[in-house]
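This report describes selected side-chain and helix contacts of one protein model. Please consult the sequence and the structure shown here alongside the text.

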Amino acid sequence: TTTQKPWQSVFRPNLFTGKVALVSGGGTGIGRSIAIEIACLGGTAVIASRDEEKCKLAAEEMNKQVSITTNNNSTGKIIPGPSCSIRDEDQVENLIAFVIEKFHRLDYLVNNAGGQFVCSAEDLSGKGFAAVVDTNLKGTFLMCREAYTQYMRDHGGSIVNITLGNRNGLVGMSHSAAARAGIENMTATLCNEWIESDVRINCVRPGIIFTESGFKNYGAMGDEFLGRVIPAQPAKRLGSPEEVSSAVVWLLSEGSSYVTGCILAVDGGSAYHFLPLLDIPDSPHLPVYGTLPRKAML
Ligand code: ADE
């Protein structure tokens, strides 16, 4: 007979001791919070972005945060990776190889890097559309493929792809909504293709999360956006990065060992509450059919 180890809750300190994670876009915003949480649980979190210098500085600051949060009781640390644009196949290959060469393992991958800009579809160029799809969708694919072929195919692993609420499309972000929905459907495929290697792959779909770096991206539009978006949230507030990272570490951990291919929304219920980022204008062109009284349209 085999003796089973006594059951232990997954929620415990140093859960990730000895584990290695790679978090793209890990120096700021949601990615920063994910990497810090992994390190606070004892794991090594390699963070990567296009700007290697910024990444190094971020890692230093983040390691201080980990020490403070855990009273120096964590085995975890944050390590800056080489510069990597996830759009570039060679750079992605190089980033994954760096992690494996340095740590001889890659247990967890978090595809958090990405981005978009607000633009109505009629004003969006083919180049702009392609750039957003390239970064978010192709970039995530390349990272998944390299993590799988270079390590996880032979050793198992857990991947979390960070997407964006897109249940009702995303007015003003047709490129990003299409890319994020693409990531989610690609995840559904990969969870089946890779289960034989004990690789789980899931998505976390945040609603609107407040991060300084995120809102800086949108400039003056960011403030206007906050003014109209907060009261329109079912929860009357935005989410915090920590509310996303706790979901991510659960999906990375053995606590979710029978969960693969899922899309976990962390959005305060906003997926069920239509909220256009851009105004949908009134129009004299909207036809009225049948017997619906005109006043029912107003
Ligand atoms: N964030 C936005 N675009 C990116 C890219 N091409 N590579 C990595 N992180 C990004």
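## A buried tyrosine and its partner

Tyr148 is buried, its relative accessible area being 7% (buried means under 20% relative accessible area, exposed over 50% and partly exposed in between, with a 1.4 Å probe and protein chains only). Trp194 also counts as buried, at 7% relative accessibility.

The model is predicted: local features need pLDDT of at least 70, side-chain atom pairs count only at pLDDT 80 or more, and totals for chains, interfaces and linings use all residues. Residues are numbered from 1 along each chain as its sequence is written, and side-chain values use heavy atoms, with hydrogens and water left out.

## Aromatic pairs

Rings of Phe, Tyr and Trp (its six-membered ring) pair if their centres lie within 6.5 Å; planes under 30 degrees apart count as stacked, over 60 as edge-to-face and the rest as tilted. By this rule there are two aromatic pairs. In one of them, the ring centres of Phe16 and Tyr108 are 5.0 Å apart and the planes stand at 55°, so the pair is tilted. Phe16 lies in the segment before β1 (20-24) and Tyr108 in strand β4 (residues 108-111), so this pair ties together parts 92 residues apart in sequence. Phe16 and Tyr108 are both buried.

Tyr148 and Trp194 form a stacked pair, with 4.1 Å from centre to centre and 5° between the planes. Tyr148 belongs to helix α4 (residues 126-155), whereas Trp194 lies in the loop between α5 (174-193) and β6 (199-206), so the pair ties together parts 46 residues apart in sequence. Helices (H or I, at least four residues) and strands (E, at least two) are DSSP runs, numbered from the N terminus.

## Packing of α4 and α5

The axes of α4 and α5 come within 8 Å and cross at roughly 20° (axes are lines fitted to C-alpha atoms, for helices over the stretch in contact, and angles run from 0 to 180 degrees between N-to-C directions). α4 is therefore roughly parallel to α5 (angles under 35 degrees count as roughly parallel, over 145 as roughly antiparallel, 65 to 115 as roughly perpendicular and the rest as oblique).

Contact means heavy atoms within 4.5 Å. Residues of α4 that meet α5 include Phe129, Leu137, Phe141 and Tyr148; those on the α5 side include Ile183, Met186 and Leu190.

## Arg205 in strand β6

Arg205 is found in strand β6 and counts as buried, at 14% relative accessibility. Leaving aside neighbours within four places in sequence, Arg205 is in contact with residues including Asn166, Arg167, Glu184 and Leu264.
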